[in-house]
Amino acid sequence: EGFAHLSAYERKRLKNITENAKFFASLKLHESAARLQQIANKVQPHVTKRPRARKAEEEPVRRRSMRLQRAEPATAPAPGIPAQPGAEEYPRVPPGPLSMLPEDQKENSKVAEEFLAVWTRISEVLLAFILLTPRYMSSLNSMTLSEDSVKKVVKARVCSMAIHPADSTLFVAAGDKLGQIGLWNVDCKTEEGTHVFIPHNYPVSCMHFSPANPAHLVSLSYDSLRCGDVTRAVFDEICRSEEDFSSFDFLEENASSVLVGHWDGRVAVVDVRSPGASSELSADIGFKRTRTVHVHPVQKQYFIAAGSLDVCIYDVRYLRPKGNKPVSTLEGHTKSAASAYFSPATGNRVVTVCADDKLRHNNNTGRWLTRFRAIWDPKQEDCFVVGSMARPRQIEVFQDTGKLLHSFYNVDYLGSVCSINVVHPTKNILVGGNSSGRLHVF
């Protein structure tokens with residue numbers, strides 16, 4: 001009765017607590033728990049366990065298939081658990097290059113050498129079939145020089161050449177130091193087979209027949225880029241400069257736009273369809289001078305430029321007036337690079353010419369000769385042609401490995417250095433031009 005001062009809710013709450021306590025006391029839970037603890041202590045007396053000693057070779061077991069274990073197939077009685085392999089049986093493979101030694105032969109042996117020699121031999125045969133067929137070597141040997149295949153086409157030193165892609169008639173163009181362009185119909189054996197034109201004032205440093213229309217001959221000199229249209233008998237002026245052009249290449253197969261290199265290091269994009277004689281875009285690529293530019297044969301957005309110690313690949317889509325960065329840089333040259341060209345089919349290779357003679361090839365032509373330019377054979381992805389300072393005078397064919405494959409020479413009809421060369425895209429024909437304006441057709 002001492003809870004009269006509490007409210008009705010509090011009195012009811014205390015009453016519930018008292019009744020719950022009496023109910024749990026009637027269950028005798030504490031006595032039951034004590035009895036169960038006594039029973040458990042009698043059944044499982046306390047025993048102190050000794051720590052188990054760890055095995056020395058407690059390493060992760062490397063699982064191996066039945067085949068690798070050389071075990072019997074599943075029809076045989078299941079083998080017992082194999083013993084764990086020791087640390088020496090499966091050593092970890094170290095990083096870096098590894099000698100090619102079979103697993104069951106830890107040292108060199110004649111058997112292993114013979115086995116690997118078979119692999120090497122069949123691989124060489126396969127590569128020779130893909131890249132350097134005997135037919136190609138036979139075609140090089142069949143190309144010879146005769147008296148009627150040598151002709152003076154221009155008056156001065158040959159600076160550039162182009163060969164018409166037709167199979168029916170052999171038609172060659174040569175540009176010289178004076179700005180003249182000589183055209184030679186090699187199949188015509190009379191004096192009427194050659195004609196000289198003067199579309200430029202300065203050396204014709206670069207020249208190509210248009211890939212879209214071989215009736216167009218595009219030529220470049222220091223101050224102008226022109227297109228000779230034989231159907232209209234006119235040399236159209238595409239673009240003009242202040243004695244600054246060095247080279248060019250077509251950006252598209254339809255020849256609607258060209259990429260032009262400048263001697264001051266810039267490059268320019270020119271749309272031949274636009275009226276006027278100016279470029280659409282001029283970009284500083286960071287060169288002191290740009291000697292050659294060449295567009296990738298497959299991915300036309302890329303081009304390679306060669307200059308003073310610089311050989312770099314750029315993306316023409318991202319060119320801007322200044323601050324251009326190359327996509328890739330070809331390092332290693334220690335002197336001025338004369339040229340750089342992608343391989344004809346895939347563009348996966350690049351051939352460069354530099355005065356450092358890294359290929360053990362004498363490229364020091366001196367003051368009176370046009371600098372060498374190594375060009376790819378359009379019919380062969382891995383072979384290129386370059387002039388030579390060797391005697392007897394010759395034109396050399398190299399594989400991309402640096403191996404000399406063939407030398408074109410004739411002591412009777414070739415007595416000078418052919419700095420500029422061009423190869424027919426489909427026929428086995430090579431033309432070399434020298435410093436006196438004379439062409440040699442092999």
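Analyst: Helices (H or I, at least four residues) and strands (E, at least two) are DSSP runs, numbered from the N terminus. The structure above is a predicted model, where local features need pLDDT of at least 70, side-chain atom pairs count only at pLDDT 80 or more, and totals for chains, interfaces and linings use all residues. Residues are numbered from 1 along each chain as its sequence is written, and side-chain values use heavy atoms, with hydrogens and water left out.

User: Thanks! Let's start with loops: where is Ala255 placed?

Analyst: Ala255 sits in the loop between β10 (245-250) and β11 (257-262). Its phi is positive, about 60°, although the residue is not a glycine.

User: Is Ala255 buried or exposed?

Analyst: Buried means under 20% relative accessible area, exposed over 50%, and partly exposed in between (1.4 Å probe, protein chains only). With a relative accessible area of 11%, Ala255 is buried. Now look at Ala233, in the loop between β8 (224-229) and β9 (234-240). Ala233 is not a glycine either, and has a positive phi of about 55°. Ala233 is exposed, because its relative accessible area is 70%.

User: Which peptide bond is cis?

Analyst: The one from Arg391 to Pro392, with omega near -5°. You will find Pro392 in the loop between β21 (383-387) and β22 (394-399).

User: Now sheets. In what order do the four strands of the open sheet come?

Analyst: Strands of a sheet pair through backbone hydrogen bonds, either parallel or antiparallel. Here the order is β14-β15-β16-β17, and the pairing is antiparallel. At the edges are β14 (290-295) and β17 (328-329), each of which pairs on one side only. Two strands count as paired if DSSP finds at least two bridges between them. Between β14 and β15 (residues 302-307) there are five bridges. As an example, Val293 has Ala305 in β15 as its bridge partner.

User: How many residues does the largest nonpolar core have?

Analyst: A nonpolar core is a set of buried Ala, Val, Leu, Ile, Met, Phe, Trp, Tyr and Cys residues joined through side-chain atoms within 4.5 Å. The largest one here has 17 residues, and those with the most contacts inside it are Val385, Ile395, Val397, Phe408, Leu430 and Phe442. Two or more residues of this core come from each of α4 (134-142), β21, β22 and β23 (404-409). There is also a second, separate core of 16 residues, including Ile163, Ile420, Val422 and Val431.

User: Which residues does Phe408 touch?

Analyst: Contact means heavy atoms within 4.5 Å. Leaving aside residues up to four places away in sequence, Phe408 touches Leu140, Met143, Arg393, Gln394, Ile395, Val397, Leu414, Leu430 and Phe442.

User: How many aromatic pairs does the count come to?

Analyst: Rings of Phe, Tyr and Trp (its six-membered ring) pair if their centres lie within 6.5 Å; planes under 30 degrees apart count as stacked, over 60 as edge-to-face and the rest as tilted. By this rule the count is nine aromatic pairs. Phe384 and Phe398 have ring centres 5.7 Å apart and planes at 20°, so this pair is stacked. Phe384 lies in strand β21 and Phe398 in strand β22, so the pair ties together parts 14 residues apart in sequence. Phe384 and Phe398 are buried.

User: Is the pair of Phe408 and Phe442 stacked or tilted?

Analyst: Tilted, because the ring centres of Phe408 and Phe442 are 5.3 Å apart and the planes stand at 55°. This pair links distant parts of the chain, with Phe408 in strand β23 and Phe442 in the segment after β26 (438-441), 34 residues apart. Phe408 and Phe442 are both buried. Elsewhere, one aromatic cluster is formed by Tyr202, Tyr222 and Trp263.
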